Amino acid sequence: MTRYDQAHVEADPNVPLIRITRDFNATPAQLRRAHVDPELYARWVGPHDVETVIDHWDARTGGSWRFLNRRGGEEYGFHGSFHEVSDDRIVQTFTFEGWPEGVSLETLRFEDLGDGRTRLHAQSLVDSFEGRDMWLQSDMETGVNEGYAKLDALLADGTI
C-alpha cells in the first residue's frame, strides 16, 4: 500500500477539482478533532509564517466558520459553512475573502487504515478551471505540507 507521509496533491483533468491525500499517525477521531476544535485548528492550519485567528467557529452540520491569517502586517480572511460534520466526513464551503466569487466545496474523509494510522482524503471542487489553477499556482502545496507537519507534531506530543 502506498504511504502518503507528505500531501499528495493532484488536479483532476476533467473537472475543476483538487484532491489531497495524506496519512497521519492518528485515529480517525483524533484527526476529526483536529479539524473541528477551533483552538487546535488554529494551531496547525497553514504555513509556518502565518498566524491563524479564529473569528467564528461552529463546527456542526448547519454551522459556519471564519478565520483570519496574519503574516507581517497583512491579514487575509476566509469563511464558509459546514454542510455535514460526522465521525468520518466533513463537508464545507470555503471562500477566500480576497476573491469572494470563488467559493469551493470541500469534502474531507477520514479513512481508518487499521494500524493506528488514518488517511485523510480531501477534495476541493472549485467553480472553474481558472480558479483551480490559481489555487495550485499559489504555492498551496507548501502551506498544506507545513500545516500538516504542525499537525503531526501536535499528534506526536499528545496534544490531540
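Colleague: Which residue lies over the face of Phe 24, and at what distance from the ring centre?

Modeller: Arg 22 lies over the face of Phe 24, at 4.5 Å from the ring centre. A charge is said to sit over a ring if NZ of Lys or CZ of Arg is within 6 Å of the ring centre and within 35 degrees of the ring normal. Before going on, please keep in mind that this is a predicted model, in which local features need pLDDT of at least 70 and side-chain atom pairs count only at pLDDT 80 or more, while totals for chains, interfaces and linings use all residues. Residues are numbered from 1 along each chain as its sequence is written, and side-chain values use heavy atoms, with hydrogens and water left out.

If we leave aside its neighbours within four places in sequence, Phe 24 is in contact (heavy atoms within 4.5 Å) with Leu 31, Gly 116, Arg 117, Thr 118, Leu 120, Tyr 148, Leu 151, Asp 152 and Leu 155. Phe 24 is also among the residues with the most contacts inside the largest nonpolar core, which has 35 residues, and the others named there are Ile 20, Trp 44, Tyr 148 and Leu 151. A nonpolar core is a set of buried Ala, Val, Leu, Ile, Met, Phe, Trp, Tyr and Cys residues joined through side-chain atoms within 4.5 Å, where buried means under 20% relative accessible area, exposed means over 50% and partly exposed lies in between, with a 1.4 Å probe and protein chains only. The largest share of this core, six residues, comes from α4.

That helix deserves a moment of its own. Helices (H or I, at least four residues) and strands (E, at least two) are DSSP runs, numbered from the N terminus, and helix α4 covers residues 140-156, with Asn 145 among them. Asn 145 counts as buried, since its relative accessibility is 15%, and, apart from neighbours within four places in sequence, Asn 145 is in contact with Gln 6 and Ala 7. Helix α4 lies across β1, β2 and β8 and runs at about 25° to β2, whereas helix α3 (residues 129-137) lies across β1, β2 (17-24) and β6, at about 40° to β2. Such axes are lines fitted to C-alpha atoms, for helices over the stretch in contact, and the angles run from 0 to 180 degrees between N-to-C directions.

Eight strands form an open sheet with antiparallel pairing, in the order β1-β2-β8-β7-β6-β5-β4-β3; two strands pair if DSSP finds at least two bridges between them. At the edges stand β1 (8-11) and β3, each with a single partner strand, so one side of each is left without a neighbour in the sheet. From one strand to the next, the twist averages 20°. Strand β7 (residues 104-112) and strand β8 (residues 118-125) run antiparallel and are joined by eight bridges, and the partner of Glu 106 in β8 is Ser 124.

Rings of Phe, Tyr and Trp (its six-membered ring) pair if their centres lie within 6.5 Å, and planes under 30 degrees apart count as stacked, over 60 as edge-to-face and the rest as tilted. The rings of Trp 57 and Phe 82 have centres 5.6 Å apart and planes at 75°, so this pair is edge-to-face. Trp 57 lies in strand β3 (residues 51-57) and Phe 82 in strand β5 (residues 74-85), so the pair ties together parts that are 25 residues apart in sequence. Both Trp 57 and Phe 82 are buried. The rings of Tyr 76 and Phe 96, by contrast, have centres 6.3 Å apart and planes at 50°, so that pair is tilted. This second pair also links distant parts of the chain, with Tyr 76 in strand β5 and Phe 96 in strand β6 (residues 89-96), 20 residues apart. Tyr 76 is partly exposed, at a relative accessible area of 28%, and Phe 96 counts as partly exposed at 22%.
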